[in-house]
Amino acid sequence: MARALLLENPHTNADPVLAAAGVEVVRHPGAMDEDELIKALDGVDILGIRSTTHVTERVLAAHPQLLTIGAFCIGTNQIDLRAAARRGVAVFNAPFSNTRSVVELALGEIIALTRRLTVRDKALHDGVWDKSAAGSHEVRGRTLGIVGYGNIGTQLSVVAEALGLRVVFYDVAEKLALGNARRMSSLTELLNVADIVTLHVDGRAGNAGMFGREQFEQMKHGAIFLNLSRGFLVDYAVLREKILDGSLAGAAVDVFPTEPKRTGDPFDSELRGLPNVILTPHVGGSTQEAQENIGQFVSGKLTKYLRSGATDLSVNLPRLSLPPSDAARYRIAFVHRNTPGVLALVNQTFAEYGANIDGQILGTLGEIGYVVTDIGSELPREAVEAVRQMEDTLRLRVMVRPNPED
């Protein structure tokens with residue numbers, strides 16, 4: 001029986017999906033550091049995490065039996081994807097499941113900050129009746145600048161327009177503008193015109209520190225800033241400075257460079273206690289609806305890979321899926337270095353040992369190649385070992401399929 005370790009409390013609807021595939025599920029409520037994770041992964045085939053646990057090359061090297069990793073979130077920067085690919089470990093995430101939840105949080109915070117609801121709320125809690133329109137604005141007619149026009153950025157663009165916001169966006173890749181949104185030629189151009197700036201970029205290493213003093217000083221006086229993306233993108237010391245000197249009217253932050261591992265752990269930040277600043281504990285996608293969708297989606301990808309070798313929407317291996325064949329008795333999932341002639345050598349080896357290929361599909365991604373092969377005859381152990389010992393082999397897995405004649 002395969003074994004799965006799920007950390008950081010992904011939704012419990014993942015458990016029956018895994019169990020139905022014959023997987024024993026073990027849960028741990030919090031994140032783990034590198035040493036803890038290495039100890040916990042003994043005998044584990046499937047690892048499920050969220051955003052706080054980091055899967056490093058050292059972790060992967062310590063557990064060559066690990067088959068696949070599921071990130072029950074959007075981001076995968078907490079996983080060494082190249083190291084995982086070199087060991088034939090497929091990684092899956094949930095790129096769409098919590099998009100709406102993040103969009104709704106961003107819009108709610110934009111309205112709250114523009115109306116200065118945080119300030120009015122605090123005054124009343126302090127026993128002060130502060131009925132004033134000072135600093136409060138409608139969002140209608142204001143300009144929203146979206147940095148990163150991917151799944152979240154595009155949906156935010158559409159919904160924001162419905163509220164009457166003018167939308168501009170900037171992305172390093174060519175993206176089709178939706179509705180009346182306008183693409184800006186540079187980040188500087190966006191910062192110069194936006195009343196509200198919100199970050200929705202991915203976690204690639206090149207984005208680290210992308211928003212610092214230079215970018216904050218290019219923003220309009222009295223603008224609002226949001227980061228619901230990655231904590232390491234922003235210089236929060238400069239953000240604090242700009243809030244305190246009045247350059248910015250408010251900010252909302254959901255992600256931090258260093259985050260506590262477990263619910264209830266202490267938290268500190270230079271942004272605590274600032275006026276008209278909303279701090280949330282990395283809950284952009286943490287709605288019941290989103291977590292249910294993520295639990296179902298990621299566990300489904302993990303079990304499909306376990307049972308059939310399918311890598312649909314994998315973030316680090318070639319994406320492919322071989323339709324099932326009634327005649328196939330075995331399925332071989334073969335991850336290898338992407339060098340010329342590997343597939344021909346594999347097929348020649350099978351032929352030499354009398355194994356008949358019933359179906360096959362090949363995909364490549366950079367330095368990695370992935371082949372799924374259905375064998376419709378007996379599969380001699382010697383054939384499998386011969387392929388396993390090939391110089392370019394990274395991982396080989398054999399799945400026994402039902403024999404229709406049984």
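**Views of a predicted protein model**

**Figure 1. Overview of the protein chain.** Of the 406 residues in the protein chain, 50% are buried. The model shown is predicted. The secondary structure of the chain comes to 13 helices and 16 strands. Taken along the principal axes, the C-alpha atoms fill a box of roughly 85 × 45 × 35 Å.

**Figure 2. A nonpolar patch on the surface, formed by V158, L176 and L178.** Together, these residues have about 280 Å² of accessible area.

**Figure 3. L176, a residue of the surface patch.** L176 sits in the loop that lies between β7 (166–170) and β8 (182–183). Is L176 buried or exposed? L176 counts as exposed because its relative accessibility is 69%, and the cut-off for exposed is over 50%.

**Figure 4. The largest cavity of the structure, with a volume of about 40 Å³.** How many cavities of 30 Å³ or more does the structure hold? The structure holds 1 cavity of that size.

**Figure 5. The lining of the largest cavity.** Which residues line the largest cavity? The lining consists of I332, F334, V346, F350, V371, T373, V387 and L396. Three elements, β13 (330–337), α12 (342–352) and β15 (368–375), each supply at least two residues of this lining. By residue class, the lining of the largest cavity has 7 nonpolar residues, 1 polar residue and no charged residue. T373, one of the lining residues, counts as polar.

Definitions and conventions:
Residues are numbered from 1 along each chain as its sequence is written. This is a predicted model: local features need pLDDT of at least 70, side-chain atom pairs count only at pLDDT 80 or more; totals for chains, interfaces and linings use all residues. Side-chain values use heavy atoms; hydrogens and water are left out. Patches are made of residues with over 30% relative accessible area and no salt bridge: like charges are joined within 9 Å, nonpolar side chains (Val, Leu, Ile, Met, Phe, Trp, Tyr) within 5 Å. Accessible areas come from the Shrake-Rupley method with a 1.4 Å probe; for residues, only the protein chains shown count as cover. A salt bridge is a side-chain nitrogen of Lys or Arg within 4 Å of a carboxyl oxygen of Asp or Glu. Helices (H or I, at least four residues) and strands (E, at least two) are DSSP runs, numbered from the N terminus. Buried means under 20% relative accessible area, exposed over 50%, partly exposed in between (1.4 Å probe, protein chains only). On a 1 Å grid over the protein atoms alone, a cavity is a set of points where a 1.4 Å probe fits but cannot get out, and a pocket is an open set with protein on both sides within 12 Å along at least five of seven lines; lining residues have an atom within 4 Å of a point. Grid points are joined across faces, edges and corners, and a volume is the space filled by probe spheres set on the points.
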